[in-house]
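Thank you all for making time this morning.

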Amino acid sequence: MFGEPIPRREDPRLLTGQGRFLDDLGRDALAAAFVRSPHAHARILDIDVSAAVDVDGLVAIYTWEDLPGRVGDPLPLLIPHPALTHGRTGRPLARETVRYAGEPVAMVVAADRYLAEDAAGLVRVEYEPLPAVVGIDAAARAEHLVHDDVPGNVAAVLVQETGDAAAAIAAAPHTLEFDLAIERSAATPLEGRGVYARWDAADGSLRVYSSTQSSTAVRGAVAARLGLPAGKVEVVAPDVGGGFGVKIVHPWPEEVLVPWAARLLDRPVKWAEDRREHFVAAAHERGQQHHVRVGFDGEGRVLGLDVRIRHDHGAYTPYGIIIPIVTSTQLLGPYKIGAYRAEVTSLYTNTVIVTPYRGAGRPQGVFCMERTMDRIARHLGRDRADVRAANFIRPHEFPYDQGLTFQDGRPLIYDSGDYPALLRELRKLIGWDTFAELRARDGRRLGIGLGCYVEGTGVGPYEGGHVEIDTAGRVHVATGLTSQGQGHQTVFAQIAAAELGVPIEDVHVTTGDTRRFGYAVGTFASRAAVMSGNAIALACRKVRAKALRVAGEALEADPADLEITGGTVHVRGDRAAGVPLRTVAVLSNPLRYAFDEQSAAATQFAGGGSLDEPPVARGDEPGLEARDYYSPVRSTFAAGAHAAIVEVDPDTAEVRILRYAVLHDCGRLINPRIVEGQIHGGVAQGIAGALYERMAYDETGQLQNASFMDFLMPYATEIPRIETAHLETPSPLNPLGVKGAGEAGVIPVSAVIASAIEDAEGFVVDAMPLSPDELFRLRRRD
């Protein structure tokens with residue numbers, strides 16, 4: 001099974017409407033709705049709920065003053081960092097000040113959502129508007145402050161460096177200095193956030209369903225806020241209609257308030273986010289500015305690189321400074337840089353919080369590095385691909401230490417790769433060397449661009465897996481991380497089937513359910529296959545070893561002479577002399593009572609076994625099951641190279657992507673079809689970010705395009721056929737030799753499209769996304 005491009009096992013259920021998403025649950029639950037601030041920055045002077053209390057069906061209205069103890073405290077700062085000297089988080093409901101338009105001020109609970117929205121609309125909040133800080137430039141000027149106790153709006157200043165970049169640049173034969181920018185965008189999954197909670201007063205336990213990327217983390221946060229033992233809180237992630245990072249924050253205000261209200265009222269309560277709420281109250285990402293100074297030689301080799309990064313963090317920093325850390329480290333890509341210095345300044349603004357969105361800081365870093373490579377090639381009059389090749393880390397140089405600290409707090413050491421081969425094969429796939437002839441012959445305004453990247457994947461600290469074979473021969477696999485459409489039920493089943501020698505139809509996978517697996521970290525950073533995949537493989541190997549031992553006793557054979565094929569343990573080369581795994585499962589669990597015909601074989605008078613030994617050997621356990629964890633010493637590093645051919649309309653400035661090619665290396669491929677699906681989806685999101693999507697705030701902090709009528713997303717007609725090929729350089733860091741793949745498609749796309757448009761137009765492109773009207777302005781400027 002491992003390496004086979006089998007169809008996704010989830011698809012028949014999901015495509016025939018049998019999915020079970022958050023809003024499919026709790027049809028009889030009370031409904032919550034939120035009163036949200038219309039101001040980006042204001043003091044709350046008064047909240048008047050008198051008009052709302054007369055709404056029929058109203059159950060409760062809560063403001064911050066109603067929240068007891070830790071429920072109303074500021075939400076946790078999830079990832080502290082020494083450089084984050086002024087970390088700030090919001091409260092579940094605003095206390096005295098609102099700092100972005102969309103911040104929750106009150107929660108209304110009613111018999112249904114319609115009544116809850118009606119009541120919320122009648123809550124009158126008196127505000128004193130304050131000056132809004134919108135955009136990186138305004139934050140840096142610090143004429144007004146987002147938080148009164150944060151000087152200069154600066155949450156963090158982080159410096160990472162290796163060597164003396166300033167000296168290397170000063171001594172270089174050639175130097176360049178320029179500015180780059182990427183604007184703010186957002187994940188916008190098909191399903192928004194949502195929470196449904198049920199309190200069991202008799203048992204003192206709480207069950208929470210959340211559309212989340214980290215069910216165990218939500219359990220920990222809810223238990224801490226509500227003062228409950230973690231064992232009394234169950235969190236289940238049902239089918240989740242996309243996440244892309246926005247659902248990794250834990251807890252969201254609603255994930256605290258809905259369970260709290262359910263316990264207080266002793267009634268089930270549910271909240272499902274509407275689309276406008278998602279735009280103005282969930283998280284955004286991408287907004288950064290880069291000031292670049294680079295020194296290089298006549299071959300284009302970078303001798304010194306200095307990048308000043310200004311990062312828009314929105315109103316709060318619940319997820320720490322992970323995004324700019326990733327930008328500053330992944331910016332280096334597959335290159336050997338002589339000396340490097342990155343200085344990050346993370347700034348508060350009166351806008352929605354910024355947390356990871358698919359790519360999580362890597363698209364910004366790759367845009368910076370790849371635009372720099374193109375600038376060097378342009379300055380020297382050299383081929384863009386050749387300049388990149390001159391800077392590559394070579395295969396014999398792995399493991400390669402970049403001398404920096406990655407987001408996991410571990411050294412930035414690349415484990416394996418062959419970057420020259422990636423570029424060499426990409427040039428063939430896209431027709432790089434014959435493009436000039438094509439353009440001359442075609443007559444249209446065509447351009448070609450490329451981009452390379454390295455992606456840190458499989459971030460720790462750990463994930464676990466539990467594997468059990470029951471007496472019917474079914475294999476039950478559970479892991480704590482969640483699924484949002486990645487195909488986990490397929491790839492984890494493939495791993496188990498391959499490790500245990502069973503038909504994949506016999507494998508059943510559960511993810512994101514704390515009832516089945518209580519310890520986990522979450523789904524983000526392209527980590528599922530590396531982390532849970534290896535944990536499941538290790539657990540399977542324990543189960544396999546026990547199965548061979550138990551079967552060896554039954555067959556009177558040496559376990560070393562046995563193997564498992566098609567769910568049967570047999571002597572190598574003789575499948576007739578075997579015992580089914582379902583029977584091995586029965587024999588592994590000594591019983592007093594016979595529940596059925598199979599279990600009778602394991603009762604005390606069934607015979608077999610030594611009478612001088614206990615039925616369950618010392619150090620052993622009954623049953624054919626095992627649990628194991630995988631915890632890496634550091635991250636694995638996938639890599640890739642993308643290229644595109646675009647046509648730019650000379651009159652309308654519209655950009656059409658004619659071809660898009662991807663060479664990708666994520667180590668050993670568990671399922672090539674699913675990897676390609678991940679790449680295709682990522683490229684589509686990357687094209688959206690390069691040409692269409694942006695969060696457009698006005699100077700008062702109002703989001704001007706908070707709906708799908710105004711937030712421009714590409715249709716399938718705007719996404720070209722994506723040509724993919726794979727290179728496999730196994731990781732030496734984990735048993736399966738795999739690396740992550742989930743974010744690979746999106747990471748270099750803005751850089752690639754910018755390179756291609758620049759090639760077509762002949763002038764520099766230094767900011768993305770690039771719409772037709774902006775391209776038209778650039779033409780007039782040049």
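This is a predicted model: local features need pLDDT of at least 70, side-chain atom pairs count only at pLDDT 80 or more; totals for chains, interfaces and linings use all residues.

Helix H8 covers residues 322–330 and helix H9 covers residues 362–380, and their axes come within 7 Å of each other while crossing at roughly 30 degrees. Because angles under 35 degrees count as roughly parallel, H8 is described as roughly parallel to H9. On the H8 side the contact is made by Ile 323, Val 326, Thr 327 and Gln 330, and these meet Arg 362, Gln 364 and Gly 365 in H9. Sorted by class, that contact has two nonpolar, four polar and one charged residues.

H8 also leads us to a sheet. Six strands form an open sheet in the order S7-S17-S16-S15-S8-S31, and the pairing is mixed. The edge strands are S7, at 154–162, and S31, at 767–768, each of which pairs on one side only. Against this sheet packs H8, which touches S7, S15 (288–296), S16 (302–312) and S17, and the direction of H8 makes about 20 degrees with that of S7. If you follow S7 to its partner, strand S17 at residues 340–347, you will find the two paired in the antiparallel sense over eight bridges, with Val 154 standing opposite Leu 347 in S17.

Helix H13, residues 488–500, and helix H14, residues 528–555, pack at an angle of about 30 degrees, with their axes 9 Å apart. That angle makes H13 roughly parallel to H14, and the crossing of H13 and H14 is right-handed. From H13 the contact takes in His 488, Phe 492, Ile 495, Ala 496, Glu 499 and Leu 500, which meet a set of H14 residues including Ala 528, Ser 532, Gly 533, Ile 536, Cys 540 and Arg 544. How do the residues of the contact of H13 with H14 divide into nonpolar, polar and charged? There are ten nonpolar, three polar and three charged residues in that contact.

H16 contributes Val 683, Gly 686, Ile 687, Gly 689, Ala 690 and Leu 691, while H17 contributes Val 749, Ser 750, Ile 753 and Ile 757. By class, this contact of H16 with H17 has seven nonpolar, three polar and no charged residues.

Now to the part of the chain that carries a record annotation. In an unreviewed entry, UniProt lists residues 16–131 as "domain: Aldehyde oxidase/xanthine dehydrogenase a/b hammerhead". In the model, the end C-alpha atoms of residues 16–131 lie 51 Å apart, and the span is 9% helix and 29% strand.

Next, a three-stranded sheet: it is open, it has the order S4-S2-S6, and its pairing is antiparallel. Its edge strands are S4, at 97–98, and S6, at 124–129, each pairing on one side only. Strand S2, residues 42–48, pairs with S6 in the antiparallel sense over six bridges, and the bridge partner of Ile 47 in S6 is Val 125.

I will finish with some backbone details. Strands S18 (residues 400–405) and S19 (residues 411–414) run antiparallel and are joined by three bridges, and the bridge partner of Tyr 400 in S19 is Tyr 414. S18 and S19 form a hairpin with five residues between them, and Gly 409 in the turn has a positive phi of about 80 degrees. The peptide bond from Phe 398 to Pro 399 is cis, with omega near -5 degrees, and Pro 399 lies in the loop between helix H10 (384–391) and S18. A cis peptide bond also joins Gly 460 and Pro 461, with omega about 10 degrees, and Pro 461 is found in the loop between S20 (446–457) and S21 (463–469). Lastly, Thr 188, although not a glycine, has a positive phi of about 45 degrees, and its place is in the loop between S9 (185–186) and S10 (194–200).

Definitions and conventions: Residues are numbered from 1 along each chain as its sequence is written. Side-chain values use heavy atoms; hydrogens and water are left out. Two strands pair if DSSP finds at least two bridges between them. Helices (H or I, at least four residues) and strands (E, at least two) are DSSP runs, numbered from the N terminus. Contact means heavy atoms within 4.5 Å. Ala, Val, Leu, Ile, Met, Phe, Trp, Tyr, Cys and Pro count as nonpolar, Asp, Glu, Lys and Arg as charged, and the others, Gly among them, as polar. UniProt positions are given in the numbering used here, feature names are shortened, and annotations may be inferred rather than shown by experiment. Axes are lines fitted to C-alpha atoms, for helices over the stretch in contact, and angles run from 0 to 180 degrees between N-to-C directions. Angles under 35 degrees count as roughly parallel, over 145 as roughly antiparallel, 65 to 115 as roughly perpendicular and the rest as oblique. A crossing is left-handed if the near helix is turned anticlockwise from the far one by less than a right angle, and right-handed if clockwise.
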